[in-house]
Amino acid sequence: MAVEKLTLDVGCGKRKRGDIGIDYGKDSDADVIGDAEHLPFKGETFAKVVSVVALEHSPNPLNFIKEQYRVLKKGGQIELITDNAQYF
């Protein structure tokens, strides 16, 4: 039996990186329209969670990161990239 290694792209915008993208923008390439601070997935679902230049747009960055960790499988990887860490 193959183990699924799904990747979630949080805040995917117009360029989804991974198997499933989530974004709040209806004009994005997201598979799911939703809130990054309340991800609509069961815990420990994804082998990798990617977020590129989305953290600085979150009203609560700590919740943003906690939700990514919640949906990450044990031993999984979070890839968090921001181009404006000084924003806050």
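The model is predicted, with local features requiring pLDDT of at least 70 and side-chain atom pairs pLDDT 80 or more, while totals for chains, interfaces and linings use all residues. Residues are numbered from 1 along each chain, and side-chain values use heavy atoms, without hydrogens and water.

Glu37 is located in the loop between β3 (32-33) and β4 (46-52); strands are DSSP runs (E) of at least two residues and helices (H or I) of at least four, numbered from the N terminus. A polar atom of the Glu37 side chain lies 3.0 Å from the backbone nitrogen of Asn60. Leaving aside residues up to four places away in sequence, Glu37 touches Ser58, Pro59, Asn60, Asn63, Phe64 and Glu67, with contact meaning heavy atoms within 4.5 Å.

Strand β4 is largely enclosed by the rest of the structure, because 5 of its 7 residues are buried. β4 pairs in the parallel sense with β1 (residues 7-10) over 3 bridges, where pairing requires at least two DSSP bridges. Val49 of β4 is the bridge partner of Leu8. β4 also runs parallel to β5 (residues 72-81), joined by 6 bridges, and Val50 stands opposite Glu79 in β5.

Definitions and conventions:
A polar contact is a pair of N or O atoms within 3.5 Å; within protein, one must be able to donate a hydrogen and the other to accept it, and residues adjacent in sequence count only if both atoms are side-chain atoms. Buried means under 20% relative accessible area, exposed over 50%, partly exposed in between (1.4 Å probe, protein chains only).
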